[in-house]
Amino acid sequence: MTPHTRPGPLAVLSWGLYLACAWTWCIGMYFPTLLLRDFGMWGWIIFAVPNVIGAAAVGFVFTSPEASRAFIDKHRAATSWFGIITIAFHGYWIAWLTASLPIPNSASTILWASLALAPLVALSRWLSPRLLAFGVGLISATALVLALRADWQSIPLAPATQPHTQLLWLAPAVAFGFALCPPMDLTLQRARLSLPGRYGAAAFAVGFGVFFLGMIALSALYARPVLAGASVAAVPLAALVAHLLAQVLFTIGMHTRELRRRGPRTVRTAAGALVFAAIIGAIAARTPDLPGPLFGGLSTGEIGYRAILSVYGLALPAYVWIIAIPRRTPLDTPKAVRVWIAACAIATPCYWMGFVAAEYFYLVPGLLVLMLARLIPCRAEPAHAER
């Protein structure tokens, strides 16, 4: 389909399903569990609302394939690194969970299941992304139906470990990340490049308002038996594992597909980052917990997960806020990059105290630093004509 072809309803729906699967990462499949543990259902809500709205907004902010192309061409390096970090994040997450699960033979079980589904990554090079998304979406829908039939929603959540007042400080930082990160995702931009005008907007609306919302509803369902330590029947458990692995491999495959357009060197960098992050994840799972208030009483593996997650709450959205969003005056890009680096460096301790040490109030000054950084003049000096 060319960008100027008038697509039918099936094309819009299939691209919407593709978007939901492409955005269902190790964030949407695991971060809600942590928020439900810490804050109860309000934690899931402050995750879900800005996530759905922020991702859906890409289809409306970029009103045409041409606007999408101009953005990713202008920010070629940043969007490439977004894909590389995302691929590495999945490597860390899978390795950490595989090595830390208390289930006997869990490592070998997940390894063989991963090998069985790994052709998704290879096939992503040749098969239609929408066709692959249909298969992955079918697996996820099956897991959702079985979770509902298993009545996981009736399992009560344990009392929240954090007071709900802490959400006042966490919610703005979460919204900042989910509002500004989605345009950096090349897999989302692929859908916008493929659909003209209002058809693209419709695909993003249905993709995130319907399909993706179902994905993170599933995350809320299976978080309940996980947090309660409840036993899970074999059939829904198998469907859940298939959902997790299929979504991970689809995400890695689609990002690899996009990075391949940037050349073999970029793909090799992503592959190296994936392997390195997986090794770190496996080591973190076997590393004793780190004592002290700076580590919030979290396991070493969860500290690593939250540290990578903070890239999507700090560095990447700050790049969009400070550099990528157009300004009224011409931008001196090198100066803006220096401002971005400095702002992230200043805000990093605040984000560490907020996301890792669970002192969420520190997120407020950290976010304020990022917001104010855009006010620093980065105007390009006018070129002087040679005499």
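Colleague: What makes helix α12 mostly covered?

Modeller: In this predicted model, 19 of the 27 residues of α12 are buried, and a residue is called buried when its relative accessible area is under 20%; with 19 of 27 buried, α12 is mostly covered.

Colleague: How do you know that the span of α12 is close to the one expected?

Modeller: Helix α12 runs over residues 234–260 and reaches 38 Å from its first C-alpha to its last, whereas 39 Å would be expected at 1.5 Å a residue.

Colleague: Why is the pair R37 and E302 called a salt bridge?

Modeller: The closest N and O atoms of R37 and E302 are 2.8 Å apart, and the rule asks for a side-chain nitrogen of Lys or Arg within 4 Å of a carboxyl oxygen of Asp or Glu, so the pair R37 and E302 qualifies. This pair also links distant parts of the chain, since R37 lies in helix α2 (residues 31–39) and E302 in helix α14 (residues 300–313), 265 residues apart.

Colleague: Why is R37 described as partly exposed, and what makes E302 buried?

Modeller: R37 has a relative accessibility of 25%, which falls between the 20% and 50% limits and therefore counts as partly exposed, whereas E302 has 5%, which is under 20% and therefore counts as buried.

Colleague: How do you know that E302 and R306 are separated by about one helical turn?

Modeller: E302 and R306 are four residues apart in helix α14, and so about one turn separates them. An α-helix has 3.6 residues a turn, so residues three or four places apart point the same way. The side chains of E302 and R306 meet in a salt bridge at 2.9 Å, N to O, and both residues are buried. Through salt bridges that share partners, R37, D38, E302 and R306 are joined into one network.

Colleague: What makes E258 and R261 a salt bridge, and which of the two is buried?

Modeller: Their closest N and O atoms are 3.4 Å apart, and the limit is 4 Å, so the pair qualifies. E258, at 5% relative accessibility, counts as buried, while R261, at 49%, is partly exposed.

Colleague: Why are helices α16 and α17 called roughly antiparallel?

Modeller: The axes of α16 (residues 333–355) and α17 (residues 363–373) cross at roughly 165° and come within 7 Å; angles over 145 degrees count as roughly antiparallel, and α16 and α17 are therefore described in that way. The crossing is left-handed, and the residues that meet include V339, A343 and F355 in α16 and L363, P365 and A373 in α17.

Conventions:
Residues are numbered from 1 along each chain as its sequence is written. This is a predicted model: local features need pLDDT of at least 70, side-chain atom pairs count only at pLDDT 80 or more; totals for chains, interfaces and linings use all residues. Side-chain values use heavy atoms; hydrogens and water are left out. Helices (H or I, at least four residues) and strands (E, at least two) are DSSP runs, numbered from the N terminus. The expected span of a helix is 1.5 Å times one less than its number of residues. Buried means under 20% relative accessible area, exposed over 50%, partly exposed in between (1.4 Å probe, protein chains only). Axes are lines fitted to C-alpha atoms, for helices over the stretch in contact, and angles run from 0 to 180 degrees between N-to-C directions. Angles under 35 degrees count as roughly parallel, over 145 as roughly antiparallel, 65 to 115 as roughly perpendicular and the rest as oblique. A crossing is left-handed if the near helix is turned anticlockwise from the far one by less than a right angle, and right-handed if clockwise. Contact means heavy atoms within 4.5 Å.
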